[in-house]
Amino acid sequence: MDFGQTENRISCGTTILAMEFDGGVVIGADSRTSCQYYVTNRVADKLTRLTDKIYCCRSGAAAQTQELADNVASTLYSLELALGEPALVRDAAVQFRNRIYAARKTMLAGMIVAGWDQRQGGQVYGVPITGLLVREPCCVAGSGSTHVNGYLTAHYRPGMNQDEAVTLARNAVLMAIHHDCSTGGVIRIGVINETGMHSRICYHDDPEVLQFASDLLWFTEFGNC
């Protein structure tokens, strides 16, 4: 075994997600940035603005995803100036796809692009580290995604209202925090619709969070009996 290579390996982890609802999209993420066994930032904001109505959720190498988001935001700003109208959500997703695919051998970046535009309303696009681009009504990524994929598949349904989508997103991130050691901190939730972006932070002492955490702990301990 090459212990030197293991020592130098960088391990990153997170949980990001987005889902469409009737009237817009909900995005969510944890706030922990880690490197190997160290938590380098407990309150990172992984929900990054691209335009007033388009945001991205970042996973991967923090420095690379931050620079990538800044570059795409600058390109979209120039595009809006040239066209004289707001950029489309798919425009933003295509910009990420092109950049990630071009640098796929050196870049560690998995993105979720979500937003609202006049043509198609609320949309969610997944752009994994391979540079693939696919629209999904509900998308989750990061190390915590393996723990919540089944939960989201079972509970998400098209046409959900805003409150239902926000609750589902919050509970999914909390479940990832409970099971994934690389996911932690506070829960950041954003709602994007025709009026713009509206965000909130869910802390561990919120009554609704505490109740779901209590139910989750009970299920973990006794659900398989």
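This is a predicted model: local features need pLDDT of at least 70, side-chain atom pairs count only at pLDDT 80 or more; totals for chains, interfaces and linings use all residues.
- Helix 4 spans residues 145-155, and its buried residues are Ser145, Val148, Tyr151 and Leu152.

**Helix 4 against helix 5**
- Two packed helices are described by the angle between their axes and the distance between the axes.
- For helix 4 and helix 5 (residues 162-179), the angle is about 155 degrees and the axes are 9 Å apart.
- Because angles over 145 degrees count as roughly antiparallel, helix 4 is roughly antiparallel to helix 5.
- The crossing of this pair, helix 4 and helix 5, is right-handed.
- From helix 4, the residues His147, Val148, Tyr151, Leu152 and His155 take part in the contact, meeting Leu168, Asn171, Ala172, Met175, Ala176 and His179 of helix 5.
- Sorted by class, the contact of helix 4 with helix 5 comprises seven nonpolar and four polar residues, with no charged residues.
- Val148, Tyr151 and Leu152 are among the buried residues of helix 4, and they are also among the residues that meet helix 5.

**Helix 2 against helix 3**
- The axes of helix 2 (residues 62-83) and helix 3 (residues 89-102) come within 10 Å and cross at roughly 135 degrees.
- That angle makes helix 2 oblique to helix 3.
- Helix 2 and helix 3 have a right-handed crossing.
- Helix 2 contributes Leu68, Ala69, Asn71, Val72, Thr75, Leu76 and Leu79 to the contact, while helix 3 contributes Asp91, Ala92, Gln95, Phe96, Arg99 and Ile100.
- In the contact of helix 2 with helix 3, eight residues are nonpolar, three are polar and two are charged.

**Gly23 and its surroundings**
- Gly23 is located in the loop between strand 1 (16-21) and strand 2 (24-29).
- With a relative accessible area of 41%, Gly23 is partly exposed.
- Beyond its neighbours within four places in sequence, Gly23 is in contact with Trp116, Ile192, Asn193 and Glu194.
- The C-alpha atoms of Gly23 and Val191 are 10.0 Å apart in space, although the two are 168 residues apart in sequence.

Definitions and conventions. Residues are numbered from 1 along each chain as its sequence is written. Side-chain values use heavy atoms; hydrogens and water are left out. Axes are lines fitted to C-alpha atoms, for helices over the stretch in contact, and angles run from 0 to 180 degrees between N-to-C directions. Helices (H or I, at least four residues) and strands (E, at least two) are DSSP runs, numbered from the N terminus. Angles under 35 degrees count as roughly parallel, over 145 as roughly antiparallel, 65 to 115 as roughly perpendicular and the rest as oblique. A crossing is left-handed if the near helix is turned anticlockwise from the far one by less than a right angle, and right-handed if clockwise. Contact means heavy atoms within 4.5 Å. Ala, Val, Leu, Ile, Met, Phe, Trp, Tyr, Cys and Pro count as nonpolar, Asp, Glu, Lys and Arg as charged, and the others, Gly among them, as polar. Buried means under 20% relative accessible area, exposed over 50%, partly exposed in between (1.4 Å probe, protein chains only).
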